[in-house]
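Student: Before we go through this chain, could you set out the terms we need and then take my questions one at a time?

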Amino acid sequence: MPITLALAGNPNCGKTTLFNALTGSTQHVGNWPGVTVEKKEGSLKGKRDVTLVDLPGIYSLSPYSPEERVSRTFLLNNNAGAVISIVDASNLERNLLLTTQLLELGIPIVVALNMMDVVEKNGGHIDAAALSRRIGCPVVPISALKGKGLKELGDTALSAAKGGIAPPPLAFDGEVETALQTIQGLIHGLVAPARERWVAIKLFERDEDILSQTALDPQQREVLANTIAACESSLDDDAVSLITDQRYRAIAHLTEGCIARAQGRPSISDSIDKVVTNRYLALPIFAVIMFLVYFLSVTTIGSMATDWVNDSLFGEFLPGALTGWLESIHCADWLISLLVDGILAGIGAVLGFLPQMLVLFFLLAVLEDSGYMARIAFILDRLFRRFGLSGKSFIPMLIGTGCGVPGIMASRTIESPADRRMTVMTTTFIPCSAKLPIIALIAGALFGGAWWVAPSAYFVGIAAIILSGILLKKTKLFAGEAAPFVMELPAYHLPGLKGVLVHMWERGKSFVKKAGTIIFLASGLVWLLSSFNWRFEMVEETQSMLADIGGVIAPLFAPLGFGDWRAAVAMVTGLVAKENVVSTFGILYGFAEVAEDGAEIWANLQAAFSPLAAYGFLVFNLLCAPCFAAIGAMKREFGSARWTLFAVGYQTGLAYTTSFCIYQLGTWISGGGFGLGTAASLVVLAGFLYLLLRPARRTPQSLATT
């Protein structure tokens with residue numbers, strides 16, 4: 001008989017590492033029905049009839065976010081035979097808060113004490129047997145990273161699911177418990193007996209979803225309201241806070257005498273945090289680390305592999321082999337051109353940068369798995385808060401380094417509508433994986449592999465976010481205090497190679513999949529438009545439909561230094577997918593000309609791109625409107641076409657004016673003379689500085705409705 005086990009836990013408790021260890025290569029990734037929250041499931045190793053479902057990382061079962069709603073719905077629908085509640089043993093009391101809620105669902109529970117190796121290394125001890133007796137369910141010490149205790153955990157969870165015995169819910173104290181007993185009496189017979197306790201607590205917390213699903217008559221609703229109000233009045237606190245306080249009291253009783261902590265010496269994590277989260281050192285250390293990440297990815301290690309892939313694999317071997325084979329079977333010239341000069345040149349120009357992307361994904365996974373990424377959010381909260389954003393805004397931006405779409409969707413966890421909208425607008429300023437080929441192309445081909453280009457792209461994104469926060473927070477639409485930010489900081493640990501490689505593989509696979517679909521189709525379309533004129537006659541690209549289209553758009557970008565029709569077309573195709581900027585160059589200039597060595601491309605691109613224009617082109621593509629998929633995600637999050645147009649307009653306007661100032665002022669400073677463009681750029685810069693430095697509104701107005 002098939003069995004489903006659910007894996008539930010807080011973010012940063014090691015849940016993903018445990019899931020990967022328990023399922024191995026059998027896992028599948030998708031989205032939960034009706035929502036865009038990621039769904040992961042796989043078969044338990046050696047048990048094909050046992051499915052393990054990795055629920056989103058949550059702190060509670062209150063439906064304040066899509067993740068919490070997904071987890072609660074899954075558990076309430078009796079989809080799990082048992083739940084593995086994974087907790088960070090090094091921060092047991094706080095992690096058990098979610099476990100106390102799971103105990104009330106009437107489902108068999110197994111508690112997995114993860115990171116026990118960290119506890120023991122720090123000189124601590126947890127009596128798992130005593131804790132198990134007090135909670136009323138099995139408690140299994142494990143180390144997901146080192147693979148310790150995993151077989152025992154899997155066997156225990158299976159036994160719990162087959163036994164079907166749920167642990168008893170926790171009892172509270174005094175007036176709160178009396179109020180809950182009264183509510184349970186009201187709903188007796190209206191809900192399943194195993195769920196009475198959980199429903200009573202949710203009704204006490206005024207959970208609108210549960211209230212609407214419970215068939216209480218008007219008289220019962222009045223009794224419910226009076227019971228809650230009387231308890232709140234007597235204890236002088238709101239219902240949610242009263243329940244939270246009772247949970248922590250219960251946790252303190254459960255863990256009393258079960259935990260022995262080392263005395264007199266700080267943990268390794270505490271010692272490291274004294275340096276990396278230091279008020280004065282934190283930001284310089286963060287800057288150095290991110291510089292090294294991009295330096296290693298784009299300029300050194302990643303560049304070595306990319307040189308071979310671009311120059312040898314896609315530059316010589318594959319084009320020559322494909323052309324020879326097509327000629328041997330007597331293919332038409334136009335078909336050879338489509339496949340070699342169109343499809344292969346376009347896809348090859350993008351996939352040529354895959355080695356650099358894999359190195360970047362690997363390094364980001366190392367930072368994430370080690371626990372440092374959580375510190376970055378904490379560190380940037382200090383910085384962001386000064387400019388109207390909170391550290392919560394960095395979480396979507398961190399996710400957006402892989403792809404802007406899930407980054408935009410992650411903004412849902414931000415409570416303040418103003419902060420959420422601002423985060424949606426600015427998240428795509430952080431370079432995503434689709435923009436990395438553009439960065440690598442500019443750095444390698446137009447700047448000779450200069451070490452500073454790639455890291456500067458990341459910090460341009462950070463600067464755009466901070467400056468946008470200052471500017472937008474001074475407007476009526478975004479005025480208000482930044483949302484509070486609370487985040488669990490996990491203990492540092494050495495990343496597991498398998499987990500890091502899985503992260504790298506998943507992101508790399510997504511990039512290759514896009515190259516095989518969207519880039520494939522876009523490359524074919526670009527070849528078609530660049531090879532035929534409006535009478536559908538095969539012509540030189542300068543006489544093609546694409547040249548005519550680009551010629552109309554190109555004058556708009558002449559003040560930015562890249563008024564060539566090829567550059568204009570590349571930016572337009574980049575709206576479909578940012579990788580198309582590089583694939584379009586691959587087709588229009590010929591694949592060999594976008595090789596990493598830079599020597600070949602100079603002869604063809606120098607007329608279109610001076611160094612200043614090249615960097616302006618890079619900045620424009622980093623900051624302007626994202627791809628169509630990300631714009632669609634923005635539309636869903638805003639729920640308004642008007643807000644979406646405003647966001648796209650702001651992004652594109654910021655990109656244009658920034659690139660304009662870079663080119664015009666840079667030309668003047670480098671001795672190019674003072675002209676009308678220079679004067680206009682000084683006016684733009686002065687206006688921007690005025691908006692940044694002007695006093696904020698004293699009385700923030702309410703946000704505009706959507």
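Tutor: Helices here are DSSP runs of H or I with at least four residues, numbered from the N terminus. Please keep in mind throughout that the model is predicted.

Student: Where does Phe536, which has a positive phi although it is not a glycine, lie?

Tutor: The phi of Phe536 is about 60°, and its relative accessible area of 51% makes it exposed, because the cut-off for that class is over 50%. As for its place in the chain, Phe536 lies in the loop between helix H23 (497–531) and helix H24 (545–553).

Student: Is Arg206 buried, partly exposed or exposed?

Tutor: Arg206 sits in the loop between helix H8 (196–204) and helix H9 (208–213), and its phi, near 60°, is positive in a residue other than glycine. Its relative accessible area is 43%, and values between the 20% and 50% cut-offs define the middle class. Arg206 is therefore partly exposed.

Student: Which element gives the largest share of the nonpolar patch on the surface?

Tutor: The patch is formed by Trp668, Ile669, Phe674, Leu682, Leu685, Leu689 and Leu693, with about 710 Å² of accessible area together. The elements that give two or more residues to it are helix H30 (641–672) and helix H31 (676–693). The largest share, 4 residues, comes from H31.

Student: Why does Leu693 count as exposed?

Tutor: Leu693 lies in helix H31 and is one of the residues of the nonpolar patch. Exposed means a relative accessible area over 50%, so Leu693 falls in that class because its relative accessibility is 69%.

Student: What percentage of the residues in the chain is buried?

Tutor: The chain holds 31 helices and 9 strands, and among contacts between residues at least 6 apart in sequence, 73% join residues at least 24 apart. Its accessible surface comes to about 30,100 Å², of which 62% belongs to carbon and sulfur atoms. Of the 706 residues in the chain, the buried ones make up 54%.

How values were computed
Residues numbered from 1 in each chain as written. Predicted model: local features only at pLDDT ≥ 70, side-chain atom pairs only at ≥ 80, totals over all residues. Heavy atoms only, no water. Patch = residues over 30% accessible without salt bridge, like charges linked within 9 Å, V, L, I, M, F, W, Y side chains within 5 Å. Areas by Shrake-Rupley, 256 points an atom, 1.4 Å probe, with all protein chains shown as cover. Salt bridge = Lys/Arg side-chain N within 4 Å of Asp/Glu carboxyl O. Buried < 20%, exposed > 50% of the residue type's maximum accessible area, 1.4 Å probe, protein only. Contact = heavy atoms within 4.5 Å.
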